[in-house]
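Please look over the structure shown below before reading on. The paragraphs that follow take up the contact between two chains, and then parts of one of them.

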Amino acid sequence: MSARPPERRLIGRFTTAASREVVWETPDGLEIETRDQYDVSRKAVLFEDVQLVTYHRQLGVVFFILNAVGMLFFLMMMSILMSMKENVAGAVFGLLGVPFVIAMAIRAVLKVDVVTVFGRRSKAVMHFSFKKQRARQVYGTICARVRQVHRQIEQQIAAEAAADVSPLETPPAPPFGPIESTNPFA
Amino acid sequence: MAQVQVVRAYEGPECPRCRMRLTSDWIRTGMVVCPDCNRTFEATAFTPPQRRMRVVEVMATVDGSNACANHARNAAVTSCQRCGLFICSLCDMNVGSGSYCPTCFERLRSGNELKGTATRYRDHATMARNSMLAGIFFTFAGIGFVFGVLALFYARKGLRQLRSEGRSTFGLRMVSIFAMLEVLAGIAFWVLVVVAISGGLD
């Protein structure tokens, strides 16, 4: 049985061929749920532990290669069938290859925006294929939240340090006015 | 054969492109060029503030408090809820579910008995949904009700799970309704089969 705070908001996903990760924002930090079939494992990146937040745009080589392989397969089938004068079948295979070409073209134009949050013990990765503005917004929101939490902790530490310092015992102040000499030889 | 998954240990900030570990010189704000792959990325660096753990030594206390069971020099601030051991603020493992000593905390955590520390669980909601979908497929073969019962079983667990997390249960309730329909359709199918075999339809 899991027990999570209910106040959490979905902010990003990261899906690969092997795993699916969902990233939620909670008041304390980011919660990452990794799904492996029906097993879900959860880890967190606390805002107070964040060391680095990065943002970059990438092509996704694996996606590109897989689509290229699919496209080449259908192109090859089309050319074989065309050479055998099977024009209709060849055209069908040609059409089947079109989605791969479109996917590659879209990916080449848009690319994938990646926001990565590095904590002391764990990291969170979020991929945004289409929502570029959302990626930028998530990056900004996380940076702002981290700054806010760090400031709060620093203030807390300062307040604790101030409370710990006991007032020093100051020596008695000198008497006001000219000091009379008590030296009989003066 | 057991599948072995090699998980690379996380050691700290790394290049988001090539995953090369970044040294402290490269953890900075602005456009950063990775020293390894020479590709750029935008970064915002932070210096996490170090929380100071306040530990009171036994000698420093006026009334000579009890010493921590693990740290003889430290004064105990509380006792473990499970074993009663006196523990100092360093040993106090409190995640909002009471104070425990490190040993008890680890035992309770590994058994998923502590609220808020469970890091692995089964997604019963998805199991219910998939069972229901399989049930629809097998309804035409007359065995959909088996999956319907399975879906209801998982849905019951899933509902409890979603409620504890404060999430919407609407989807799972719909799954339950479909699963019930599958069970009813299965019963109706087999009743019809029995009636047909016994010649009741003639």
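In this predicted model, 35 residues of chain A are in contact with 30 residues of chain B. On the side of chain B that touches chain A, the elements giving two or more residues are β2 (40-45), β7 (120-122), α2 (124-139) and α3 (144-165) of chain B. The largest share of that side comes from β2(B), with five residues. By residue class, the side of chain B that touches chain A holds 13 nonpolar residues, eight polar ones and nine charged ones.

Strand pairing also links the two chains. Strand β4 of chain A, residues 39-46, runs antiparallel to β7(B), and three bridges join them. What is the bridge partner of D39(A) in β7(B)? The partner is R122(B).

Strand β1 of chain A covers residues 9-15 and strand β2 of chain A covers residues 20-25; they pair in the antiparallel sense, with six bridges. A hairpin of four residues connects β1(A) to β2(A). Across this pairing, V22(A) in β2(A) is the residue opposite R13(A).

β2(A) also pairs with strand β3 of chain A, residues 29-36, in the antiparallel sense and over six bridges. Here the hairpin has three residues between β2(A) and β3(A). W24(A) faces a residue of β3(A), namely E31(A), which stands opposite.

The helices of chain A come next. Helix α1 of chain A spans residues 61-83, and L66(A) lies in this helix.

Helix α2 of chain A takes in residues 87-110, which makes 24 residues. From its first C-alpha to its last, this helix reaches 34 Å, close to the 34 Å expected at 1.5 Å a residue. Where does α2(A) bend? The bend, of about 25°, is at G97(A), and a proline, P99(A), follows within four residues. Just after α2(A) comes K111(A), which takes a positive phi of about 60°.

Terms used. Residues are numbered from 1 along each chain as its sequence is written. Chains are lettered from A and ligands numbered from 1 in the order in which they are written. This is a predicted model: local features need pLDDT of at least 70, side-chain atom pairs count only at pLDDT 80 or more; totals for chains, interfaces and linings use all residues. Two residues are in contact if their C-beta atoms, placed from the backbone, lie within 7 Å. Ala, Val, Leu, Ile, Met, Phe, Trp, Tyr, Cys and Pro count as nonpolar, Asp, Glu, Lys and Arg as charged, and the others, Gly among them, as polar. Two strands pair if DSSP finds at least two bridges between them. The expected span of a helix is 1.5 Å times one less than its number of residues. The bend at a residue is the angle between axes fitted to the seven residues ending there and the seven starting there.
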